[in-house]
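Okay, everyone, let's get going.

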Protein chains: 2
Amino acid sequence: MARKKILIFGSTGSVGKNALRLIKEKRDVFEVIGLCGNRNVNFLASQVKEFRPKYVCLRDEALADRLRKKIKRGSKILAGDKGLDEFSRLDSDISLMAISGIDCLRPLLTNIAHSRRIALANKEAVVAAAKFIFRKAKKYKTEIIPVDSEINAIFQLFNSANFKNGDIEKVYLTASGGSLFSCRREALGGVTAAQVLNHPTWDMGKRITVDSATLVNKGFEAVEAHEYFNIEYKKIGILLHRQSLIHAMVKTKDQACFSCIYPPDMKKPLAYSLFYPERISLGSLKDKKETFDFSYSPISYRKFPLLEIILEAAKRKDNSLVILNAADEVAVDYFLSGKIKFTYIEKALKKIFKVYRPSELKNIKDVYYWDNWARIETKKILEKK
Amino acid sequence: MARKKILIFGSTGSVGKNALRLIKEKRDVFEVIGLCGNRNVNFLASQVKEFRPKYVCLRDEALADRLRKKIKRGSKILAGDKGLDEFSRLDSDISLMAISGIDCLRPLLTNIAHSRRIALANKEAVVAAAKFIFRKAKKYKTEIIPVDSEINAIFQLFNSANFKNGDIEKVYLTASGGSLFSCRREALGGVTAAQVLNHPTWDMGKRITVDSATLVNKGFEAVEAHEYFNIEYKKIGILLHRQSLIHAMVKTKDQACFSCIYPPDMKKPLAYSLFYPERISLGSLKDKKETFDFSYSPISYRKFPLLEIILEAAKRKDNSLVILNAADEVAVDYFLSGKIKFTYIEKALKKIFKVYRPSELKNIKDVYYWDNWARIETKKILEKK
């Protein structure tokens, strides 16, 4: 059987690295035809040496010459926006989309026309532009599988399950509560980036780790659950579950909860996304112990006001989520660069949620317009502070 | 649509009562055509008045006249072994088999030829005579659905799931540990029946509550899991889970655990057994709280030696389980009547497991023969003690 052609967008990030680790063990199944990184030239070059893809793409054009010096033959080097566009037009059996932030949206939309399956690890694109993504995927009969752990767990539950829609009373997402859960609200102003990045259970990229502390991430996951599976927002519940073992639960109307439990290790949902409908043996997850203590309880919206704002925005079904996603991306970036205190993330999002003009998203240009608008406005808010 | 004709074997017991509570709310779906009790004449008579079945059966013939005085018309009264045999030959859409102990085996085997679905709440029949039961069910295309909570949870997981058999690494049953879990082994000799019957999470019949304390019950459930679903014994794991919220888990080879969680309330698995493949709204289970703390860990075979003996017997695939089931039934009965100490249950089972002659079960008569032999021998052991 011919090997499956796979493209990796974001190969040098946390998800990309995990995926290549899985693929390495299954060279008989996958042929890596393209790797795309952002700025990490050395690491990308080492991946190219190992996987020998036909194409390699570096998003930061300014560093392209350094990459060219390292890779003299065998792989065609693409760079910058134009290079990424060309990379996105390559035909593949599976594309792993693991570029972080809204930057993933353009290559994703382009690639939908050229790939049979997209394993989508990016959530911002779905938050900002779900209707355009899923419409195009439908048109091109491209399968989109969520890699995000909680959403992948719902995918597993729904997929491995014959639930009839009317049987479902509730779908629960679980939230670890993030790195600052034990911190009193009054003390949040003084926390450092290092403290916020020290997540209790998950080892992830930086922005998502900060978003876990504000629960913006969980709000975005509720949007994903809604968009991927057509679950009404009133049927989506969020539970505090500090241990990150239960990733999702489906409650049927006869009061049975079906839960999907595994250690917090991205290899698991990644493997399911790449190999689905097959399951492969995974012997080496993070956590192999046999004794588990866990708990779940309702989440406090009082403690996490941004979660409530995201859910409110989601229900508006207009540009609201584009605005909040962009504002959050900017604010988190400012916080991580030491320009603002942690609490200003919340302040900025609350502020922009007050001042933006709700408008319908008629086409993808509207998404880019409002994304850009919100970035500029958020910067103004944060510079003025 | 015509209502489904339902027969209840063991209507006055714990499971029978719960079933009639469900059926009462769904009179448009079910027509109770027969009720069968053991000795509780008054309660059976009150059920007959409420449900007006065409047939009523009392297993204890000596009390039949008392029942006849209470029910003068409307229902045909059957009594004793002959009556039960006639009752078992009634045609039904669903039969709930909730007679306790090995006494269920004969009416079950007879009724398989006359019912389209058997909701089987009895586990002793499966433990002692699975191959004869499932062979006959196959011949008559009669569906057998396990009502036992843990096994029903596996049924729900398998049924609502498209697991391929090769995907399954392990099936876990959970054990609460029973009423004596916190009791040191040296203190077990002094426990009273009342102490043993005070189960921490489940409200059940007497024998099964005692069997929960010795974990004989969990061994029998492993047999059920093996027989109903063809799961190899080495793939069946038993976890200590004090809270009885997780009823079963299926672990796939890619390290995902799918669990079925609900409060310890028999209404839930009963409803699924009676209404399957439909799920009905169940708003009023025992436990409605939203905050849960739970844990699971490997069970200690050292602490529960009978569990290990049952599992050893199960693997022999001969008369061993017939012997142990009969011995346990006798010993538990002796304990509940105050004739022996709690620790003699274990002693009796260990003793009989040493002295019996392992033999193949060629036909159902062999089951009855060894059942009878083990009862006599166990009584001898216990009288001599």
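Predicted model: local features only at pLDDT ≥ 70, side-chain atom pairs only at ≥ 80, totals over all residues.

Residues are numbered from 1 along each chain as its sequence is written, while chains are lettered from A and ligands numbered from 1 in the order in which they are written.

So, chain A. We've got 15 helices and twelve strands here; those are DSSP runs, H or I of at least four residues for helices and E of at least two for strands, numbered from the N terminus. The C-alpha trace spans about 55 × 50 × 40 Å along its principal axes. And 51% of the 385 residues are buried, meaning that 20 or more other C-beta atoms, placed from the backbone, lie within 10 Å of the residue's own.

Now the pair. Chain B lands on chain A with a rotation of 180° and 0.0 Å of shift along the axis, at an RMSD of 0.0 Å, superposed by least squares on the C-alpha atoms of residues with pLDDT of at least 70 in both. That's the relation of a two-fold axis. Both copies use the same surface, with 100% of the contact residues of chain B recurring in chain A; contact here means C-beta atoms, placed from the backbone, within 7 Å.

How many residues does each chain put into the contact? It's 34 from chain B and 34 from chain A. On the chain B side, the elements giving two or more residues are β11 (257-261), α11 (267-275) and β12 (292-298). The biggest giver there is β12(B), with seven residues.

Next, look at helix α7 of chain B, residues 149-159. Nine of its eleven residues are buried, so the helix is largely enclosed by the rest of the structure. Among those buried are Ile151(B), Ile154(B), Phe155(B) and Leu157(B). The buried residues of α7(B) pack against several elements of chain B, including β8 (168-175), α10 and β11.

And that brings us to α10(B), residues 216-229. The axes of α10(B) and α12(B), residues 305-316, come within 7 Å and cross at roughly 25°. That makes the two helices roughly parallel, a label for angles under 35 degrees. Where they meet, α10(B) brings residues including Phe220(B) and Val223(B), and α12(B) brings residues including Leu307(B) and Ile310(B).

Terms used
Buried ≥ 20, exposed ≤ 12 C-beta atoms within 10 Å, placed from the backbone. Contact = placed C-beta atoms within 7 Å. Axes fitted to C-alpha atoms, helices over the stretch in contact; angles between N-to-C directions. Parallel < 35°, antiparallel > 145°, perpendicular 65-115°, else oblique.
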